[in-house]
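I opened a new notebook page for this chain today. Here is the model I had on screen while I jotted things down.

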Amino acid sequence: MDSGKPKLLVIEDVHATRRVLDVSLRTQYEVMMSPDGLHGLDSALTAKPDLVILDLGLPKMDGWQVFDELRKREETRDIPIIVLTAHVVDHEHWAGRLGEGDAFMAKPFLPDDLRHRIEQTTHSAAVQRRDVGDRYPGCKSQLAIERVVHPSAVIPTQAVPLVDRNQHA
């Protein structure tokens, strides 16, 4: 069932955290939940979410492995990922692994901060895809910016046609 809302896949093993994420995000997004890394990877491959929220400490397949698998597969490499974890990580190491459309957030988190990060991340990914689509017409990874960017994002979708007209003038 397609609600018309952007699809988020949450890959998180802690039930309470999944519940907080679901309640915090379901009014703006279609939220899908996966309790472990293997199920999460399978869900990402079949559902093609607009964004993945990924914990690192997962059973069956850890978050690092899920991240790497999503990045190496053509059908999922352009899906933005927000790593949401309580694990202490080396930020310099992550900076080298995260793409332009990816982000990192530490637990504990405030739901408003996460919503803001989702908007920033999807906006950044949409602009990046649009740039690729402009440079390479017909590129498979291009998504419609109106579908990816939430209406309250930094640049409203109504401004996109105006920006486009000015760039091509």
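My entries follow, from the whole chain down to one residue.

**Ground rules.** I am working with a predicted model, where local features need pLDDT of at least 70, side-chain atom pairs count only at pLDDT 80 or more, and totals for chains, interfaces and linings use all residues. Residues are numbered from 1 along each chain as its sequence is written, and side-chain values use heavy atoms, with hydrogens and water left out.

**Entry 1, the chain.** I looked up the elements and found seven helices and five strands. Helices (H or I, at least four residues) and strands (E, at least two) are DSSP runs, numbered from the N terminus. Along the sequence I read the pattern β-α-β-α-β-α-β-α-β-α-α-α. Of the 169 residues, 46% count as buried, meaning under 20% relative accessible area with a 1.4 Å probe, protein chains only. I also noted contacts (heavy atoms within 4.5 Å): among those with a separation of 6 or more, 58% are between residues 24 or more positions apart.

**Entry 2, the sheet.** In what order do the five strands of the open sheet lie? I read E2-E1-E3-E4-E5, with parallel pairing; two strands pair if DSSP finds at least two bridges between them. At the edges I found E2 (30–34) and E5 (103–106), each pairing on one side only. Neighbouring strands are turned by 20° against each other on average, direction ignored. For these angles, axes are lines fitted to C-alpha atoms, for helices over the stretch in contact, and values run from 0 to 180 degrees between N-to-C directions.

Val52 has Ile81 in E4 as its bridge partner.

H3 (residues 63–72) lies across E1, E3 and E4, and runs at about 160° to E3.

I found Glu12 in the loop between strand E1 (7–11) and helix H1 (15–25). Is Glu12 buried or exposed? Glu12 counts as buried because its relative accessible area is 2%. Beyond its neighbours within four places in sequence, Glu12 contacts Thr17, Arg18, Ser34, Pro35, Asp55, Leu58 and Lys107. Glu12 and Asp55 are 43 residues apart in sequence, yet 5.4 Å apart in space, C-alpha to C-alpha. The side chains of Glu12 and Lys107 make a polar contact (2.6 Å); that term takes a pair of N or O atoms within 3.5 Å, where within protein one must be able to donate a hydrogen and the other to accept it, and residues adjacent in sequence count only if both atoms are side-chain atoms.

Key
Buried < 20%, exposed > 50% of the residue type's maximum accessible area, 1.4 Å probe, protein only.
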